[in-house]
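Hi everyone, thanks for making time this morning. Let me put the structure up, and then we can walk through it together.

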Amino acid sequence: MKVEIVPFGSYGGKDFVEILITNKQGIRIGFSDLGARINRWGIPVQGSGYEEIVLGHENAQEAFESNYYYGVTVGLVAGRIAEGRFTLNGKTYQLSQNDGRHHLHGGLEGYDLQQFAYKIEETAEAVTVIFCLHTPKIEYPGSVAVEVKHRFTDDNVWTIAYKGEAEETTLFNPTNHVYFNLNGNNQDSVLNHEMTIKASHYLPLDQEAIPLGIKEKVDGTPFDLREGRRFGDLLDSQDPQFSLMNGFDHPFILDTPGTAEPVAQLNCPDKKRLLEVYTTSPAMVVYTHNKVGDPLSIWGHPLKTHAGIALETQEAPDAINQPDLGTIVLEKGQIYTGETSYKLLLHEKQGSS
Ligand code: FUC
């Protein structure tokens, strides 16, 4: 496999890099030390570069100015914490309120904009980039020494393995905020994607996207994706939860986490590309890029509503205030581990479209 380290631009006096890994099929994936992020996953097109199946940025400055968290590692806590407030061991904490009155995606100093140290390991069939960060004790109750390993193989599997060790008892619930668009660009939206999510329940939200605290059966709703539905066919749904968010921005409670069964699939029949998702996490937030703001374009093309689908594996949002939804407390000295894999299957010879 080929590994290249190229500049990803500078911001705030820091220089960032992108690590590009090309496997024996010519498929190229890119990770950056800015937020331990995936920034590209490209399928070669004869004579004209790559079709990128994830949303990303040209450089660090664009990434810093973006509101979408494309491909970033999210931490310490993925998902919203209502009013940024919670109580742990009898003490109440107030975190930054960076999403209206709520705390979102690790707050103002989350992992997404931190510079991670990295090293690269190569074996015969895979390259692994190991990103490390010792989170300064900013706003959460305790620091976490975190390691995010991105592994990419010759058979097109990208695996993220997380490890976190708490110095003081704290909260920890990381994810990766990758958005897929298997069309290979952001000019076509994901309306043509078939989504399969092996989840019998989802979490309805209030108007500010905080879980209402009930696990709702998906039966008879647009959230029933167990057999696969074309996203575009769901758009005229009158389901109040679906229209509330103009699409999905909801946690799904997964039926098959930690097994050899995929928890989800994305299928793009037009391009004969299929993506399978495997995870140890009990829930997955699915966000269908329901709004477009800043930036207004990426990869040289204007963004449109539903430009991608984010599949964020994690414990459910606001679990710290709604214990029935999961546990995100990491005790002092305890080690968190978690793993998610995205497997790309190409059903036609690529490189000629
Ligand atoms: C998701 C959502 C949010 C937000 C963000 C960019 O995880 O839950 O609503 O807009 O990503």
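Arginine 40 and glutamate 18 are both buried, where buried means under 20% relative accessible area, exposed means over 50%, and partly exposed lies in between, using a 1.4 Å probe and protein chains only. Their side chains meet in a salt bridge, 2.8 Å from N to O; the term stands for a side-chain nitrogen of Lys or Arg within 4 Å of a carboxyl oxygen of Asp or Glu. Arginine 40 sits in strand E4 (residues 37–44) and glutamate 18 in strand E2 (residues 14–22), so this pair ties together parts that are 22 residues apart in sequence. Helices (H or I, at least four residues) and strands (E, at least two) are DSSP runs, numbered from the N terminus.

Before I go on, a word on what you are looking at. This is a predicted model, in which local features need pLDDT of at least 70 and side-chain atom pairs count only at pLDDT 80 or more, while totals for chains, interfaces and linings use all residues. Residues are numbered from 1 along each chain as its sequence is written, and side-chain values use heavy atoms, with hydrogens and water left out.

Back to the charges. The structure holds 13 salt bridges, and a network of them links Glu18, Arg28, Arg40 and Glu52. Elsewhere, arginine 101 forms a salt bridge with glutamate 208, with the closest N and O atoms 2.9 Å apart. Arginine 101 lies in the loop between strand E8 (91–94) and E9, and glutamate 208 in the loop between strand E17 (201–202) and E18, so the pair ties together parts that are 107 residues apart in sequence. Arginine 101 is partly exposed at 43% relative accessible area, and glutamate 208 is partly exposed at 35%. Aspartate 224 and arginine 226 also meet through their side chains in a salt bridge, 2.9 Å from N to O; arginine 226, at 21% relative accessibility, counts as partly exposed.

Now, the sheets. E15 is joined to strand E26 (residues 309–314) by two bridges, and the two run antiparallel. In that pairing, tyrosine 179 stands opposite alanine 310.

Nine strands make another open sheet, ordered E9-E10-E11-E12-E28-E22-E21-E16-E19, and its pairing is antiparallel. Its edge strands, E9 (117–122) and E19 (229–230), each pair on one side only. Within it, five bridges join strand E21 (residues 264–268) to strand E22 (residues 273–279), and cysteine 268 stands opposite arginine 273 in E22.

What about the cysteines? Cysteine 268 counts as buried, at 0% relative accessibility, whereas cysteine 132 is partly exposed at 31%. A search of the whole structure finds zero disulfides, a disulfide being a pair of cysteine sulfur atoms within 2.5 Å.

The largest nonpolar core has 73 residues, and Trp41, Trp158 and Phe180 have the most contacts inside it. A second, separate core of ten residues includes Leu55, Tyr68, Tyr287 and Ala310. Such a core is a set of buried Ala, Val, Leu, Ile, Met, Phe, Trp, Tyr and Cys residues joined through side-chain atoms within 4.5 Å.

Note on methods: Two strands pair if DSSP finds at least two bridges between them.
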